[in-house]
Amino acid sequence: MRLDEIATTIRSKNAGPCLLTLDLMFPSREGFEFVRARLSDLQLQVSERYAKPLEQVRVFAYEPALAIKITMPRDVVSGDLGDRDVYGAQQHAALLDVAL
Amino acid sequence: MSAALRLAEAFARGARRPLRILGASGQLGYGVPSPALEAGLERKPDMIGCDMGSIDIGPTYLGSGTMATTRAGAKRDLRKVLRAARSLDIPLVIGSAGSAGAAPHLGETLEIVREIAREDGLSFKLASIAADIPREAVKQAIRARKVLPMDTMPALREEEVDAASHLVAQMGLEALRRGLESGADVVVAGRACDTAIFAALPAILGFPLGLATHMAKIVECASICCVPGGRDSILATLDDEGFELESMNPVRAATPHSVAAHGLYEQADPFEIREPGGRVDLGQVRYEAIDARRTRVSGARFEPATAIRVKLEGARLVGQRSVLLCATTDPRFIERHETIFAGLKELVGSLACEEAPEDYSLFFRLYGVNGGHDWKMPAPAPREAFILAECIAPTAERAEEVVRTTKQCLLHYGFEGRLSTAGNLAFPFTPPEVAIGPAFRFNVFHLMEADDMERLFPVTVEAL
């Protein structure tokens with residue numbers, strides 16, 4: 001199943017100038033539990049797609065919102081030389097076709 | 001006597017009651033919708049709070065001392081909330097004045113507030129709280145090993161402290177509390193924790209800090225926590241066991257799911273909120289629907305820290321920025337763009353650095369290919385692509401020289417397989433080169449252990 005077939009929100013944003021955080025939200029508990037059962041696979045695929053060492057990719061299941069959060073260091077600090085996305089709001093697209 | 005002091009007296013006499021807090025705007029200066037603000041005023045709130053800034057907008061505003069909004073936009077919104085708060089005689093608290101909350105931002109915001117008071121015949125007591133941190137205090141803290149890097153930042157060196165053009169710290173609710181306790185009707189703070197704006201009055205009145213801070217974290221974004229999310233005012237009603245949320249726009253609903261989901265927004269960790277004086281544990285929070293549009297939240301617990309740590313923010317000048325705007329429609333160019341840009345950098349260097357050092361940085365972003373994201377997965381080539389070349393150099397003249405040289409070299413750059421020998425670029429207009437101005441980077445984003453908050457965040461009161 002691709003993430004964009006299960007999730008109703010897939011978004012990214014800075015969490016402070018050094019970190020990027022990605023949120024996945026699901027319309028039902030079913031989708032949330034499906035991904036929650038595959039968090040280590042998700043972490044591995046994210047680490048490949050964003051070229052980050054596995055240990056730098058933190059993955060949380062956040063049950064109150066039926067959401068999964070992924071947090072990792074940004075490629076460069078927000079607004080630094082060569083930055084592509086100061087707010088980090090367009091870094092989600094690499095997640096869309098992740099298949100679990 | 002100010003409304004905040006009257007409330008404190010009433011609460012001290014035992015007249016405790018739920019507190020109504022209106023979050024009017026998460027980004028003052030970009031527009032405050034009037035219908036929801038007015039609906040909020042009809043509910044007789046006990047205070048109005050507005051956040052005016054953030055670090056999320058990048059280093060330039062902090063570094064240059066300029067606002068991200070226009071002065072006209074800031075004045076329009078400040079007038080709206082000032083009139084609202086004075087019409088009900090309730091406290092108005094504004095945090096992170098002027099986008100980045102350093103001296104020039106706070107000064108400009110205060111100047112606008114005084115202008116409005118004069119023009120509209122408003123009379124009130126104004127407290128301002130500066131957030132600029134003396135460089136010597138930070139250097140002493142570095143020597144005493146009381147400064148720690150945030151996230152991926154390197155350890156802070158004293159030369160970076162000197163290099164920062166502005167250096168602020170996020171004040172916590174303690175400072176805003178002193179602002180309100182000074183007897184002021186309006187408190188305008190420099191760089192402040194967004195939570196402090198809304199949690200200071202509840203703290204004065206003895207509400208549980210965990211609940212007050214969690215409430216503050218949600219209402220500082222106005223109705224963003226609703227479905228559909230938006231910038232309309234939100235009303236929080238806080239008691240000793242929890243708080244209720246209701247958007248002041250009837251089309252927006254604060255549902256248990258939407259409010260819980262907001263806990264993720266721009267947060268690295270959804271289970272806690274970190275404050276200068278401790279952390280709020282959100283692990284046991286409950287979200288319960290009151291009806292289709294209102295949610296009750298409870299369960300946040302405050303854990304005081306053994307030491308107060310404030311977050312320092314600083315930005316330093318890195319040079320002057322010039323850019324080149326152009327496009328390519330050539331599939332061969334797009335396919336070979338990495339080789340082309342690498343070769344071009346060398347060519348420009350050979351021309352621009354014959355009699356000068358290579359004192360600049362030159363970057364290329366190919367929109368359509370990798371302008372917004374550094375893709376690792378292969379993708380089909382786009383039909384055309386936009387090229388943004390960016391130079392940062394010690395002076396505006398040097399940046400301009402490099403960018404104009406780059407433009408001409410790229411226009412006629414010969415690459416393998418090239419068919420279009422009359423020119424590689426489509427210019428939407430000429431000149432395609434634009435001087436942007438000074439460029440900054442965050443060079444301070446660190447935690448500093450500190451104890452003397454009154455010295456770090458001094459309150460100044462004036463009568464208008």
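**Figure 1. Strand 12 and strand 13 of chain B are joined by four bridges in this predicted model.** Strand 12 comprises residues 286–289, and the two strands run antiparallel. A hairpin of four residues connects strand 12 of chain B to strand 13 of chain B. Within this pairing, Ala289(B) has Thr295(B) of strand 13 as its bridge partner.

**Figure 2. Strand 13 of chain B, residues 294–298, has a covered face and an uncovered face.** Thr295(B) and Val297(B) make up the covered face. The uncovered face consists of Arg294(B), Arg296(B) and Ser298(B). Strand 13 of chain B also pairs with strand 9 of chain B, residues 243–247, in the antiparallel sense and over four bridges. In that pairing, Arg296(B) of strand 13 is the bridge partner of Glu244(B).

**Figure 3. An open sheet of chain B is formed by three strands in the order 10-11-14.** The pairing in this sheet is antiparallel. Its edge strands are strand 10 (272–275) and strand 14 (301–304), each of which pairs on one side only. On average, and with direction ignored, neighbouring strands of the sheet are turned by 20° against each other. Strand 11 of chain B, residues 278–281, is joined to strand 14 of chain B by four bridges. Val280(B) lies opposite Phe302(B) of strand 14.

**Figure 4. The largest nonpolar core has 164 residues.** The residues with the most contacts inside this core are Ile48(B), Val81(B), Met171(B), Leu176(B), Ala189(B) and Met215(B). At least three residues of the core come from each of domain 1 and domain 2 of chain B. Leaving aside residues up to four places away in sequence, Ile48(B) touches Leu22(B), Ala24(B), Val81(B), Ala84(B), Ala85(B), Ile90(B) and Leu92(B).

**Figure 5. Chain B is divided into domain 1 and domain 2.** Domain 1 spans residues 3–313 + 444–463, and domain 2 spans residues 330–425. The centres of these two domains of chain B, taken over C-alpha atoms, are separated by 44 Å.

**Figure 6. Chain A and chain B meet in a contact that takes 36 residues from chain A and 35 residues from chain B.** On the side of chain A that touches chain B, at least two residues are supplied by each of strand 1 (9–14), strand 2 (19–25), helix 3 (39–49), strand 3 (58–62) and strand 4 (67–73) of chain A. By class, this side of chain A has 18 nonpolar, nine polar and nine charged residues.

Terms used
Residues numbered from 1 in each chain as written. Chains lettered and ligands numbered in written order. Predicted model: local features only at pLDDT ≥ 70, side-chain atom pairs only at ≥ 80, totals over all residues. Pairing = 2+ DSSP bridges. Axes fitted to C-alpha atoms, helices over the stretch in contact; angles between N-to-C directions. Contact = placed C-beta atoms within 7 Å. Nonpolar A, V, L, I, M, F, W, Y, C, P; charged D, E, K, R; others polar. Domains from an automatic or database assignment. Core = buried A, V, L, I, M, F, W, Y, C linked by C-beta atoms within 7 Å. Buried ≥ 20, exposed ≤ 12 C-beta atoms within 10 Å, placed from the backbone.
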